[in-house]
Amino acid sequence: MAAPFPTTSLNLLTKLKQSADDDNWNVSWKRFLELYHEPLTSSTRACYRFHTNGHEPAYGFIEEVVAQVVTDFFSKSQFRYDASKGRLRSYLRLLVNSRVIDLLRKEKPINQQELPEHYEETVPAETNHETESFHRSLLATLVEDLRNSIPMRQFEIFERVKLKHQHASFVAEDLGITRAMVDRNIYKALTALRQIASQPEYQQEFYES
Amino acid sequence: MKLKSSMPKAKDPLHLLRLPTDAEWPVEETKRLTEELSLAYHMDEVACTSREVERISEKVRARMNHADVIVHGI
């Protein structure tokens, strides 16, 4: 049976955090991969270094881990994300760490010592690079949510001036509107962005530990 | 002249998103935050056409198809 149609539009982050409870996934895994492959890659590197005393993973190893994590995340199996148990990013790091250890056991990279049978799956502390990558992905998610929640024209003006750095006067002339209207639309877009970012899902991912 | 290490560190512009929605945003920090948004936007644009992401997508697709075969016995 199809899942009930949502009565209110959910933002992308809410969808990601709630999708495990629904009958159908609301976010495509491809879009999730595009938005979050950078922090997943960063976490894979960090976990690999941690478990191999500072060695660097091969590209193939990273791609395998990221692919498995995305598959697990969308598989509705035992890897379901439970939002009540913490941040999405903490959960993703946990998944990455487990997959890194699994793959190290399976592939036994030539330059690595074999992991002991009862190896403790300690999750390393988040590195600055991981934090920055997660923040960038969250900001990209925020931009996508903004695109979906304000008038198309308003987003276009915000995108051209603030994200693509086109001159406001040029955009005004190109769209046949006044410069003051451009400024007003940017102000409204920023206000909407603040409202989206103030939602608990974003606040939790950005600021809680 | 102040030594670089003794200069106050610029505040992370992300803290603006924590302020109440009616609080005023300082111009300089707002500029830095939109700069961060722009970087994130371009990262996303690059990811959409990245070969690396495409290769990983193929692996995910293959795994998901494999899972379908197992679950539904197709």
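# Exercises on a predicted two-chain model

A:F73 is buried, with a relative accessible area of 3%. The model behind these exercises is predicted.

**Exercise 1.** Find the stacked aromatic pair that A:F73 forms, and say where its members lie.

Solution. 
- Step 1. Over all chains, the whole structure holds eight aromatic pairs.
- Step 2. In one of them, A:F73 is stacked with A:F32, with 4.9 Å from centre to centre and 15° between the planes. The angle counts as stacked because it is under 30 degrees.
- Step 3. A:F32 belongs to helix α2 of chain A and A:F73 to helix α3 of chain A; the two are 41 residues apart, and the pair links distant parts of the chain.
- Step 4. A:F32 is buried as well, at a relative accessible area of 1%.
- Step 5. Both rings belong to one aromatic cluster, made up of A:F32, A:Y36, A:F73, A:F74 and A:Y91.

**Exercise 2.** Describe the salt bridge of A:D72 and state whether its two residues are buried or exposed.

Solution. 
- Step 1. The partner of A:D72 is A:R99, and their closest N and O atoms are 2.5 Å apart.
- Step 2. A:D72 is in helix α3 of chain A and A:R99 in helix α4 (residues 88-107) of chain A, so the bridge ties together parts 27 residues apart in sequence.
- Step 3. Both A:D72 and A:R99 are buried.

**Exercise 3.** Describe the interface of chain A and chain B by its contacts, area and residue types.

Solution. 
- Step 1. On the chain A side 41 residues are in contact, and they meet 36 residues of chain B.
- Step 2. The buried area between the chains is about 3500 Å², and carbon and sulfur atoms give 66% of this area.
- Step 3. A:E63, A:R194 and A:Y207 supply 21% of what chain A buries against chain B, more than any other three residues.
- Step 4. The rule finds 14 residue pairs in polar contact across the interface.
- Step 5. Elements of chain A giving two or more residues to this side include α2 (29-51), α3 (59-73) and α8 (179-197).
- Step 6. By type, the chain A side has 18 nonpolar, ten polar and 13 charged residues.

**Exercise 4.** Which residues does A:L190 contact, leaving aside neighbours within four places in sequence?

Solution. 
- Step 1. A:L190 lies in helix α8 of chain A and counts as buried at 13% relative accessibility.
- Step 2. The contacts are A:F158, B:W25, B:T30 and B:T34.

Methods:
Residues are numbered from 1 along each chain as its sequence is written. Chains are lettered from A and ligands numbered from 1 in the order in which they are written. This is a predicted model: local features need pLDDT of at least 70, side-chain atom pairs count only at pLDDT 80 or more; totals for chains, interfaces and linings use all residues. Side-chain values use heavy atoms; hydrogens and water are left out. Contact means heavy atoms within 4.5 Å. Buried area is the accessible area (1.4 Å probe) that two parts lose on being put together, summed over both. A polar contact is a pair of N or O atoms within 3.5 Å; within protein, one must be able to donate a hydrogen and the other to accept it, and residues adjacent in sequence count only if both atoms are side-chain atoms. Helices (H or I, at least four residues) and strands (E, at least two) are DSSP runs, numbered from the N terminus. Ala, Val, Leu, Ile, Met, Phe, Trp, Tyr, Cys and Pro count as nonpolar, Asp, Glu, Lys and Arg as charged, and the others, Gly among them, as polar. Buried means under 20% relative accessible area, exposed over 50%, partly exposed in between (1.4 Å probe, protein chains only). Rings of Phe, Tyr and Trp (its six-membered ring) pair if their centres lie within 6.5 Å; planes under 30 degrees apart count as stacked, over 60 as edge-to-face and the rest as tilted. A salt bridge is a side-chain nitrogen of Lys or Arg within 4 Å of a carboxyl oxygen of Asp or Glu.
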